[in-house]
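The following note sets out points to check while viewing the structure. Please read each point with the coordinates open.

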Amino acid sequence: MIEISHLVKKFGALLAVNDISFSVAPGEVLGFLGPNGAGKSTTMKIVTGFLKPSAGRVTIFGCDIEQDTIAAQRQMGYLPEGAPCYEEMTPRSFLNFVAAARHLKGAYANERFQQVVDTMSLQAVLDQRIETLSKGFKRRVGLAQAIIHDPKILILDEPTDGLDPNQKHQVREMIRGLAKDKIVIISTHILEEVTAVCSRAMIIAEGKVVADCRPDELEQRSKYHGALTLDFDESVTAGDFLGAFAGLAQVALVESITENNQLTLFPRYKDQSILLDVSHMVRDRQLPVVSINQEKGKLDEVFRAVTQELNS
Ligand SMILES: Nc1ncnc2c1ncn2[C@@H]1O[C@H](COP(=O)(O)OP(=O)(O)OP(=O)(O)O)[C@@H](O)[C@H]1O
Ligand SMILES: [Mg+2]
């Protein structure tokens, strides 16, 4: 269990973390979202014991991070922002060094080394100096050191930033494949990543938690949740059919997206699907619709709404 209570961090006059409290239980994969400068990395640095808070308390399975730092850190793997590594080392020497620092020994150390090299596909660069590795490979080495001791808690600051699509997939699979009793906190600017891997989403803005719920609940806050997007045949103009759909009792609003030749239909009642009514109408009137998609909700719209409310 991670328990964070009334955390505050000031840098001079700047309030980077402004009274944040939450706890995370084993089995949870928590995604931190938030604008640049919101306080995500600062919160992670305090939770992992790399920065002292100005006020508040963090405990890791009962160990106070300030009083009992080593005992708390032993249970955590941490990928800091930008994935810093010792540039003059090779991945092989660096990972062996981290394994030794984590007190891994003998056959188990070798087994873990091989495991992280496989998971992060590092075989080809094991003996190349880290400073000469590409950005994505540096991040993979950073991820490998974070997981080498198979920690109960993983704190990953933008783990997939700069990775190619294959490696993004690999890292998401790695997180999804972790044992059910682990705690994972990741930060990301890729909103779909939260839906793909997280069981819980937290939006941080200006040092405060402004949303904390399941990713699908976040999507449901979108005005697009339950909306239908209809693609029309290119031989017609979607806008010409706007009036027909606006007449449906269950439809509150119809928007025409001219550039895509689409109409978006918003339901009058959030929890009532309009899919059946609309598809019946398309069939009965033989309208030139080529596809109908029901929107789950747009996270980017919710993100903007939640984080910009503060400034309005
Ligand atoms: N060592 C420091 N000294 C002074 N200000 C700092 C320091 N570290 C962070 N800050 C400031 O604290 C605020 C929060 O920064 P933080 O790195 O936590 O943001 P973030 O949410 O991780 O942003 P990003 O999405 O850009 O990574 C920013 O205004 C930043 O400039
Ligand atoms: Mg950051």
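1. A residue counts as buried if 20 or more other C-beta atoms lie within 10 Å of its own, as exposed if 12 or fewer do, and as partly exposed in between. Asn261 has 18 other C-beta atoms within 10 Å and is therefore partly exposed. The model under discussion is a predicted one.

2. Asn261 lies in the loop between strand E12 (251-257) and strand E13 (262-267). Its phi is positive, about 55°, although Asn261 is not a glycine. Most residues other than glycine have a negative phi.

3. Glu206 also deserves attention: it is not a glycine, yet its phi is positive, at about 50°. This residue sits in the loop between E9 and E10. Glu206 counts as partly exposed because it has 17 C-beta neighbours inside 10 Å.

4. What surrounds ligand 1? The shell consists of Phe11, Leu14, Ala16, Gly34, Asn36, Gly37, Ala38, Gly39, Lys40, Ser41, Thr42 and Glu81. The largest share, 3 residues, comes from H1. By class, the shell has 4 nonpolar, 6 polar and 2 charged residues.

5. E2 also belongs to an open sheet of 4 strands, ordered E2-E1-E4-E5, with antiparallel pairing. At the edges are E2 and strand E5 (63-64), each of which pairs on one side only. H1 packs on this sheet, where it touches E1, E2 and strand E4 (55-60). The direction of H1 makes about 120° with that of E1.

6. Within that sheet, strand E1 (residues 2-11) pairs with E2 in the antiparallel sense over 8 bridges. As one example, Lys10 has Leu15 in E2 as its bridge partner. Strands of a sheet pair through backbone hydrogen bonds, either parallel or antiparallel.

7. In what order do the strands of the 6-strand sheet run? The order is E6-E7-E8-E3-E9-E10, and this open sheet has mixed pairing. Strand E6 (76-79) and strand E10 (208-213) are its edge strands, each pairing on one side only. From one strand to the next, the twist averages 15°.

8. In the 6-strand sheet, strand E3 (residues 29-33) and strand E8 (residues 183-187) run parallel and are joined by 4 bridges. Val29 stands opposite Val184 in E8. Helix H11 (residues 299-308) packs on the sheet, touching E3, strand E9 (200-205) and E10. The direction of H11 makes about 40° with that of E9.

9. Helix H3 (residues 91-101) has Pro91, Phe94, Leu95, Val98 and Ala99 as buried residues. Why do the buried residues of H3 line one face of the helix? Seen down the axis of H3, they fall within an arc of 135°, so they line one face. An α-helix has 3.6 residues a turn, so residues three or four places apart point the same way.

10. The face of H3 turned away from the buried side carries the exposed residues Ala100 and Ala101. The cover over the buried residues of H3 includes helix H4 (106-119) and helix H5 (135-147). Just after H3, His103 takes a positive phi of about 65°.

How values were computed
Residues are numbered from 1 along each chain as its sequence is written. Chains are lettered from A and ligands numbered from 1 in the order in which they are written. This is a predicted model: local features need pLDDT of at least 70, side-chain atom pairs count only at pLDDT 80 or more; totals for chains, interfaces and linings use all residues. A residue is near a molecule or strand if its C-beta atom, placed from the backbone, lies within 6 Å of it. Helices (H or I, at least four residues) and strands (E, at least two) are DSSP runs, numbered from the N terminus. Ala, Val, Leu, Ile, Met, Phe, Trp, Tyr, Cys and Pro count as nonpolar, Asp, Glu, Lys and Arg as charged, and the others, Gly among them, as polar. The arc is that of the directions from the helix axis to the C-beta atoms. Two residues are in contact if their C-beta atoms, placed from the backbone, lie within 7 Å. Two strands pair if DSSP finds at least two bridges between them. Axes are lines fitted to C-alpha atoms, for helices over the stretch in contact, and angles run from 0 to 180 degrees between N-to-C directions.
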